[in-house]
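Look at the sequence and the 3D view before reading on.

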Amino acid sequence: RFKTPVDNSRKPFVHRLRSKPNAVEPLPLPSATSTDQLIKMIRSSATTDGGPRLYEFQDHPYKTEIERFAPSQEMISACEPQMYKSMEETELVWVTSEDVLMNLSKELLEQKAFAVDLENHSYRSFQGFTCLMQISTREKDYLIDTLELREHMHVLNESFTDP
């Protein structure tokens, strides 16, 4: 069902980013052309004394941005609480297609703030799966089928990496 097969092995995690919005440092692209080739490159580093192989894990792709992040005064200042709208007043959008996900991405870029909740399962899975993403703005609630849109979730990176 998935375009990219699910890997439930205990291989080191390898990110699949091919672009890096809001970057301080560019995304270092590996010389490998596939995840399997990259895993082989990572695992090729054995100890010189014949001991067990050492696995070099990739740094988080946003490691530099996270380490250099300094919140603005506005982000850490107390503000007047705002009451949320009732469920009847809040539009619910079920996101199951790439078009609707693209519209959500554009709407999030216009928001000053939004809330996110993730639902995950790890039954028979080493790394687990995010099954459902819930995003709320002041006007709308979005339920995103992350299994259906697995190959397209990267479109949210721009808003998620812009503090």
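The model shown here is predicted.

**The nonpolar core**
- In soluble globular proteins, nonpolar side chains tend to be buried together.
- The largest nonpolar core in this model has 13 residues.
- Val95, Leu101, Leu104, Ile135, Ile144 and Leu156 have the most contacts inside this core.
- Two or more residues of the core come from each of these elements: strand E1 (91-95), helix H4 (98-109), strand E3 (129-136) and strand E4 (140-145).
- Helix H4 contributes the most, with three residues.

**His60 and its surroundings**
- His60 sits in the loop that runs between helix H1 (35-43) and helix H2 (63-68).
- The relative accessibility of His60 is 48%, so His60 counts as partly exposed.
- A polar atom of the His60 side chain lies 2.8 Å from the backbone nitrogen of Tyr62.
- His60 and Val14 are 46 residues apart along the chain, and their C-alpha atoms are separated by 9.3 Å.

**Cysteines**
- A disulfide is a covalent bond between the sulfur atoms of two cysteines.
- The structure holds zero disulfides.
- Cys79 has a relative accessibility of 66% and therefore counts as exposed.
- Cys131 has a relative accessible area of 22%, so Cys131 is partly exposed.

Technical notes: Residues are numbered from 1 along each chain as its sequence is written. This is a predicted model: local features need pLDDT of at least 70, side-chain atom pairs count only at pLDDT 80 or more; totals for chains, interfaces and linings use all residues. Side-chain values use heavy atoms; hydrogens and water are left out. A disulfide is a pair of cysteine sulfur atoms within 2.5 Å. Buried means under 20% relative accessible area, exposed over 50%, partly exposed in between (1.4 Å probe, protein chains only). A nonpolar core is a set of buried Ala, Val, Leu, Ile, Met, Phe, Trp, Tyr and Cys residues joined through side-chain atoms within 4.5 Å. Helices (H or I, at least four residues) and strands (E, at least two) are DSSP runs, numbered from the N terminus. A polar contact is a pair of N or O atoms within 3.5 Å; within protein, one must be able to donate a hydrogen and the other to accept it, and residues adjacent in sequence count only if both atoms are side-chain atoms.
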